[in-house]
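I wanted to look up the fold, the pairing of the chains and the surfaces near DNA.

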There are 2 protein chains.
Amino acid sequence: MSCADDYTPQLRARGYRMTPQRTAILHVLHHNGRHLSPIEVYEQACREMPTLTETTVYRTLEFLAENGLVRPALTGNGHLAYEIARHEHHHLICRNCGSEMEVEHELIKSMYQILESKSGYQLTDSHLTFFGLCANCQS
Amino acid sequence: MSCADDYTPQLRARGYRMTPQRTAILHVLHHNGRHLSPIEVYEQACREMPTLTETTVYRTLEFLAENGLVRPALTGNGHLAYEIARHEHHHLICRNCGSEMEVEHELIKSMYQILESKSGYQLTDSHLTFFGLCANCQS
DNA sequence: TATGCTATTGCAAAAAGTTGCAATAAGGAG
DNA sequence: CTCCTTATTGCAACTTTTTGCAATAGCATA
């Protein structure tokens with residue numbers, strides 16, 4: 001009875017299947033909370049499921065992201081990492097010490113409306129990473 | 001006398017050097033306008049400079065981005081691409097047809113102030129990609 | 001519980017991106 | 001113009017990510 005079972009209905013409803021591989025990957029992301037690189041996910045999920053392959057991890061992360069169960073994020077070094085989808089939020093990264101902070105989507109929301117009216121696009125999601133200097137590093 | 005010569009002073013001032021490799025890469029980005037993947041940059045710059053290596057392209061793009069001559073951007077498929085640094089802007093990508101639109105930084109500016117006061121961070125730059133459906137694809 | 005459709009996985013090979021180190025060359029100083 | 005310092009490059013090995021295809025296994029249906 002894993003925490004990942006909670007996600008099964010979401011997949012079934014769209015005609016997809018829950019598998020041990022997906023369970024292991026969701027489990028790892030769920031319990032880490034923070035975001036992990038594909039390789040980190042692979043290493044950790046392998047402990048639960050030694051037959052898991054890198055290929056599957058990459059494909060699964062992309063699949064889960066498309067279906068809203070995990071969220072991709074850009075890290076300080078310009079690579080993609082993934083985290084379990086909780087409340088919608090974005091990231092603020094310190095250019096000096098690398099510390100991170102979450103930015104609530106609420107803060108961004110007003111911007112969505114401005115963008116929609118200016119562009120004619122109907123926004124679905126976004127990928128926002130802000131860089132700067134944290135309070136400690138502003139010396 | 002290449003367009004890339006314009007960038008020489010910016011590098012010199014920081015103690016860096018202008019090289020044929022950097023010239024070729026800047027030239028490609030300058031004349032394409034749009035953003036290119038590292039591989040696309042490599043292929044095109046190779047025509048001007050056949051001895052160029054992929055290693056150098058990756059390192060140069062990262063270097064130029066750090067020094068503000070080019071800007072990294074996230075493409076629809078989640079990969080990094082680069083474009084010559086003109087006015088500061090962000091991207092809006094259609095989830096359906098892939099068409100892109102630039103978002104002026106002016107539109108985002110007010111958000112910077114809100115974020116700075118809420119977070120205590122001093123913002124330096126950001127990496128913003130918005131996804132949605134363009135006017136044509138909203139059927 | 002057995003059957004069938006097809007979503008999903010693993011394998012193998014290729015492509016893309018990174019790293020350490022020795023060799024090269026930009027450009028300031030004499 | 002030559003020399004010298006050190007920023008920059010290329011090479012080779014390695015890691016990460018992608019792709020095609022055949023084999024496997026969810027799960028809906030009977």
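**Entry 1: chain A alone**

I began with chain A and found five helices and five strands. The model is predicted, and I kept that in mind throughout. Along the sequence I read the pattern α-α-α-α-β-β-β-β-α-β. I then took the extent along the principal axes: the C-alpha atoms of chain A fill a box of roughly 45 × 40 × 25 Å. I checked burial next. Of the 139 residues in chain A, 31% are buried. I also looked at contacts in chain A with a separation of 6 or more. Residues 24 or more positions apart account for 45% of them.

**Entry 2: the sheet**

In what order do the strands of the open sheet stand? I traced six strands as β4(A)-β3(A)-β5(A)-β5(B)-β3(B)-β4(B), with mixed pairing. β4 (100-104) of chain A and β4 of chain B stand at the edges. Each has a single partner strand, so one side of each is left without a neighbour in the sheet.

I went through the pairings one by one.

- β5 of chain A (residues 122-133) and β5(B) run antiparallel, joined by 11 bridges. Here A:S126 stands opposite B:F130.
- β3 of chain B (residues 89-94) and β5(B) run parallel, with four bridges. I noted B:G132 in β5(B) as the bridge partner of B:C94.
- β3(A) and β4(A) run antiparallel, with five bridges. A:I93 stands opposite A:E100 in β4(A).

β3(A) and β4(A) also form a hairpin, with five residues between them. In the turn I found A:G98 with a positive phi of about 80°.

Helix α5 of chain A (residues 105-119) does, and it touches β3, β4 and β5 of chain A together with β3, β4 and β5 of chain B. The direction of this helix makes about 125° with that of β5(A). I then turned to α5(B). It lies across β3, β4 and β5 of chain A and β3, β4 and β5 of chain B. α5(B) runs at about 125° to β5(B).

**Entry 3: chain A against chain B**

I listed the contact between the chains: 33 residues come from chain A and 32 residues from chain B. On the chain B side, β1 (70-74), β4 (100-104), α5 (105-119) and β5 (122-133) each supply at least two residues. Which element of chain B gives the most? I found β5(B), with 12 residues. By class, this side of chain B divides into 19 nonpolar, 10 polar and three charged residues.

**Entry 4: symmetry**

I superposed chain B on chain A. A rotation of 180° with 0.0 Å of shift along its axis does this, with an RMSD of 0.1 Å. The two copies are thus related as by a two-fold rotation axis. I asked which C-alpha of chain B is nearest the axis. That of B:L128 is, at 2.3 Å. I also compared the contact residues: 100% of those of chain B recur in chain A, so the same surface serves both copies.

**Entry 5: DNA strand C**

I counted 26 residues around DNA strand C. A:Y16, A:T19, A:Q21, A:T56 and B:R17 come nearest. The elements giving two or more residues are α2 (20-32) and α4 (54-66) of chain A, with α3 (38-48) and α4 (54-66) of chain B. I sorted this surface by class and got seven nonpolar, 12 polar and seven charged residues.

**Entry 6: DNA strand D**

I repeated the search for DNA strand D and again got 26 residues around it. Those that come nearest are A:R17, A:P38, B:Y16, B:Q21 and B:T56. α3 (38-48) and α4 of chain A and α2 (20-32) and α4 of chain B each supply at least two residues. By class I noted seven nonpolar, 12 polar and seven charged.

**Entry 7: one residue, A:N32**

Last, I looked up A:N32, placed in helix α2 of chain A.

Definitions and conventions. Residues are numbered from 1 along each chain as its sequence is written. Chains are lettered from A and ligands numbered from 1 in the order in which they are written. This is a predicted model: local features need pLDDT of at least 70, side-chain atom pairs count only at pLDDT 80 or more; totals for chains, interfaces and linings use all residues. Two residues are in contact if their C-beta atoms, placed from the backbone, lie within 7 Å. Ala, Val, Leu, Ile, Met, Phe, Trp, Tyr, Cys and Pro count as nonpolar, Asp, Glu, Lys and Arg as charged, and the others, Gly among them, as polar. Two strands pair if DSSP finds at least two bridges between them. Copies are superposed by least squares on the C-alpha atoms of residues with pLDDT of at least 70 in both. A residue is near a molecule or strand if its C-beta atom, placed from the backbone, lies within 6 Å of it. Axes are lines fitted to C-alpha atoms, for helices over the stretch in contact, and angles run from 0 to 180 degrees between N-to-C directions. A residue is buried if 20 or more other C-beta atoms lie within 10 Å of its own, exposed if 12 or fewer, and partly exposed in between; C-beta atoms are placed from the backbone.
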